[in-house]
Amino acid sequence: MSIAVDALHRVFESGRRRARRTITAVDHISLRVEPGERLAYIGPNGAGKSTSIKMLTGILHPTSGTASVLGLTPWAQRRELTRRIGTLFGQRSQLWFELTPMQSYKMLAAMHDLDGDAFRRRIGELGGLLEADELFSQPVRSLSLGQRMRCELAACLLHDPAILFLDEPTIGLDLLAKQRFRELLVRLNEERGTTVFLTSHDVADIEYVARRVVVINHGSVIYDDDVEVMRRTLLSTKLIDVSLGHEVEFAARPGVVVTEHTPSVLKLAVDTRAHAVRDIVDGLLTDYPVTDLSIVDPPLEQVISEIYEAPAR
Amino acid sequence: MTFRALRVAALTAAQRVVFAPSAFIVSMGIYGGVVAILGSLWRTAASANHGFVAGYTGAALTWYIAASEAATIPLNTRLIEMLGDDIASGAVAAEMLRPASVVAVRIASEIGRTLPHLALCLVAGTGLCWWTVGAPPNLASAALVPLSVALAITCNVVAQHAFAAVSFWIRDARSTWFIYQKFVFVIGGMLLPLEVLPHAMTTVAKLLPFMAMAYAPARLASGHFEPWLLLVQVGWITALACVAAVVFRSGERRLQVVGG
């Protein structure tokens, strides 16, 4: 077991005396993560994702509950744990801005007790894997965000960690940089068996990288399953895109929403709890001048929004 | 964590100063100006007082100021404030993800950063004093000054980390910084020898750690061969390092980092 969490609970206190109030950030979460898993740990802002990661990496102490990461209690054995995990916070750099990444890596290597040969070999491997050799000798402050994130990833992979904790790692990256970063994560997982524990608000990160998704809201786990299973079981809507031969009127009905209607295009969202998709398609083909028709699932983003809005199960 | 990590942190910080020397040059200019002005003031005060102030000659006071300023000017003047801000904002959390003591690495880096400044201060101060008032009053005690100044800087950096760690509780270290700085200026002996203060205050000041941050090397530089001052400095460094380690460790448990 890579990660085992039982009834993990964290409360933050703010204000003084009478104005003191408590905020439950993480509410008795339990979770198991197997070695080599790629898990997306998602939720709306303030759901408790980052607080969970900070407890699992030992930065924060929980109010109650237990957690074991690679057999260690994170907050009690933090330094030992940091030798075996890699952590990347998209909004906090672990590189020294005035230095080159290589200078930062040398400091990190000294902290991880990597000797000279092991360090050079590792830097060579990471430079190739991340296609970042030429970036390592430039000052961090002169790197673009995408370049810096590759160097950040190299920093957290320097000691060959068994688990990667990534907290919004693609935030602020452009589309190409995001995609490249996702491909790197998948390669790392497939080639090295590195467990990936990812939080992100970007649905494409989840779609591309994760095989399992855990949804957290108001501090509690409200969904935990494979991404594909989530997509299949939680979809109550199908989207039907129709190309029309000529302009027609379409009579809307309960459970069928017209999302777009032009002389040549008709787009419908069908509530599958009210209608069988087959019935709607049969009706369209019979009564309308259909030249083309496709049925698609709504985007994963919509599925996730529905989970966020649903009561905890 | 091994000593190697601290050595690399100190050397890397020293390299940063050498290869980006603008702040370095400014602080050297300030050092030269302060030593020239305060040295001149103290020599004037001594000559107006039959050649002595609290037992120090004008020349001895010039060497005193050169050493006390060499022990304080190379330091980052906003260290407590910056460290306090990093704690209060949670930025220190990223450093907790390394297999090394946050406070030890920070102290090593800061000492490394001051070493090139210190080396230049010692050279410039020696040259300036020799040119204005002649050779040091006592060569044997002067030989101890470089080590004592290095210990003074170490003591100051360690103490600032111990003070800044209150940010884990009070969330704002600025007030701490203001008080700390004034203590070093006056009862640390940076601006004036402790013997100039009223007798009771001199006694109290010599019992506090601030004397190890400026007075100790300055006293040696002014011709007083008192090697035990080095032991006092080492004692305060050890005590303050223990305080900083304990305060940081208990402070880390209180760290509140909300959100990404």
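This is a predicted model: local features need pLDDT of at least 70, side-chain atom pairs count only at pLDDT 80 or more; totals for chains, interfaces and linings use all residues.

Tutor: Strand S3 (residues 38–42) of chain A lies parallel to S8(A), and four bridges hold the pairing.

Staying with S8(A), let us turn to its other pairing. Strand S8 (residues 212–217) of chain A runs antiparallel to strand S9 (residues 220–226) of chain A, and six bridges join the two. In this pair, Asn217(A) stands opposite Ser220(A) in S9(A). The two strands form a hairpin with two residues between them, and His218(A) in the turn has a positive phi of about 50°.

Strand S1 (residues 3–14) and strand S2 (residues 21–33) of chain A pair in the antiparallel sense over nine bridges. Within this pairing, Thr22(A) in S2(A) is the bridge partner of Glu13(A). The hairpin of S1(A) and S2(A) has six residues between the strands, and Gly15(A) there takes a positive phi near 80°. S1(A) also pairs with S4(A), again in the antiparallel sense, over five bridges. Here Ala4(A) stands opposite Ser68(A) in S4(A).

How far can you trust these details? Chain A has a mean pLDDT of 87, with 98% of its residues at 70 or more. Among the elements of chain A, strand S4 (residues 64–69) has the highest mean pLDDT, 95, whereas helix H10 (residues 300–309) has the lowest, 75.

Further along chain A there is an open sheet of four strands, in the order S11-S12-S10-S13, with antiparallel pairing. Strand S11 (256–261) and strand S13 (290–296) of chain A are at its edges with a single partner strand each, so one side of each has no neighbour in the sheet. Its neighbouring strands are turned by 20° against each other on average, direction ignored. S11(A) and strand S12 (residues 265–271) of chain A are antiparallel and share five bridges, and Val258(A) stands opposite Leu268(A) in S12(A). Helix H9 (residues 277–287) of chain A packs on this sheet, touching strand S10 (237–244), S11, S12 and S13 of chain A, and the direction of H9(A) makes about 170° with that of S13(A).

Now for the partner chain. In all, 30 residues of chain A are in contact with 23 residues of chain B. On the chain A side, helix H1 (49–56), helix H2 (78–82), strand S5 (85–89) and H3 each supply at least two residues. The largest share of the chain A side, six residues, comes from H3(A). By class, that side has nine nonpolar, eleven polar and ten charged residues.

The axes of helix H3 (residues 101–111) of chain A and helix H1 (residues 3–19) of chain B come within 7 Å and cross at roughly 160°. H3(A) and H1(B) are therefore roughly antiparallel to each other. Their crossing is left-handed. Gln103(A), Lys106(A), Met107(A), Ala110(A) and Met111(A) in H3(A) meet Arg4(B), Ala5(B), Val8(B), Ala9(B) and Thr12(B) in H1(B). This contact has six nonpolar, two polar and two charged residues.

Helix H6 (residues 102–133) and helix H8 (residues 145–164) of chain B pack at an angle of about 145°, with their axes 10 Å apart, and the crossing is right-handed. Among the residues that meet are Ile107(B) and Leu118(B) in H6(B), and Val149(B) and Ile153(B) in H8(B). By class, the contact has eleven nonpolar, three polar and two charged residues.

Terms used. Residues are numbered from 1 along each chain as its sequence is written. Chains are lettered from A and ligands numbered from 1 in the order in which they are written. Axes are lines fitted to C-alpha atoms, for helices over the stretch in contact, and angles run from 0 to 180 degrees between N-to-C directions. Angles under 35 degrees count as roughly parallel, over 145 as roughly antiparallel, 65 to 115 as roughly perpendicular and the rest as oblique. A crossing is left-handed if the near helix is turned anticlockwise from the far one by less than a right angle, and right-handed if clockwise. Two residues are in contact if their C-beta atoms, placed from the backbone, lie within 7 Å. Ala, Val, Leu, Ile, Met, Phe, Trp, Tyr, Cys and Pro count as nonpolar, Asp, Glu, Lys and Arg as charged, and the others, Gly among them, as polar. Two strands pair if DSSP finds at least two bridges between them. pLDDT is the predictor's confidence in each residue, from 0 to 100.
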